[in-house]
Amino acid sequence: MREISLDRLRTLVAIADHGSFAAAAQVLHLAPPTVSLHIAELERRVGAPLLSRRRGNVRPSAVGELLVERARRMLVEIESTLDDVSRQVQGLAGRVRLGASTGAISHLLPQAIARLREDHPDIDVQIAVLTSQDALARLAQGKLDVGLVALPQSPVAGLAIRPWRRDPVMAFLPADWRAPARVTPTWLAAQPLILNDAGTRLSRLVSEWFALGGHRPAPRIELNYNDAIKSLVAAGYGATLLPHEAGALQPDARIAMRPLRPALWRELGIAYRSGPVERATQRVLDALWELKAR
């Protein structure tokens, strides 16, 4: 069965609007025989007359009225769709799928989103809370556009993974504890601890740091939500090790921060698919690169 061409429908609507084949031909910049051919093809496809001619005035038949009404809706929808696609191609609008850990979402990502909304409010960033490995897997499958991942990472075919930030990991302690100016693995291992879930890159970094002092402490609880961890620290439940980004708000007054000895750093990278990048995705990448800290 032959499909109905949008050009043919556009011709029918123009005749209905202007009352003649000649006027429609002029508006559409078509030769009059082409207009007649379009209507003939439509009538053969529909199997009924679409137009009636009375005293020089061409008007849709009952069947033609129904088709004109539906055609108007279709043409408006097509134009709207093409406009939306054009805006996305230009990077003025679009949907970008981004994956990040809760640590990045709590402070860094909101800054990038706020900056993006100022310049490109029609770009919709859909955020998924993912581990680094899950983010890389979804990127490789085409289910994600940008991933904020812990470094280092092994190369992944088809993906670009670039260093983004390097932030110090600090000790977060209940403020009423007597603590040294610089916290060591030996001192902290003797305290009640609240640490990240064992499946995270930060947990592995912290374990390696404790191992430098020959310790392997068992935490009181493991969580993946940094704000919840800080709330427990403020309540005096235990101490933790978390990254502290430059410019981040100071913690609750019931929390004291101390640097570590030896120092520990959390490194993050930005991952995305290699090759040409859609402009909306590039806008998101640009906003993230503005937050890069050396």
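**Surroundings of selected residues in a predicted model**

Ala179 is partly exposed, with a relative accessibility of 23%; this class lies between buried (under 20% relative accessible area) and exposed (over 50%), as judged with a 1.4 Å probe and protein chains only. The structure is a predicted model, in which local features need pLDDT of at least 70, side-chain atom pairs count only at pLDDT 80 or more, and totals for chains, interfaces and linings use all residues. Residues are numbered from 1 along each chain as its sequence is written, and side-chain values use heavy atoms, with hydrogens and water left out.

Ala179 lies in the loop between strand S6 (159-174) and helix H8 (185-189); helices (H or I, at least four residues) and strands (E, at least two) are DSSP runs numbered from the N terminus. With neighbours within four places in sequence set aside, Ala179 is in contact with Leu173, Trp187 and Arg258, contact being defined as heavy atoms within 4.5 Å. The C-alpha atom of Ala179 is separated by 9.8 Å from that of Met257, and these two residues are 78 residues apart along the chain.

Asn226 belongs to helix H10 (residues 226-234). Asn226 is classed as buried because its relative accessibility is 10%. Residues up to four places away in sequence not being counted, Asn226 touches Gly103, Asn196 and Leu242.

Asp84 is located in helix H4 (residues 62-89). Its relative accessible area of 45% makes Asp84 partly exposed.
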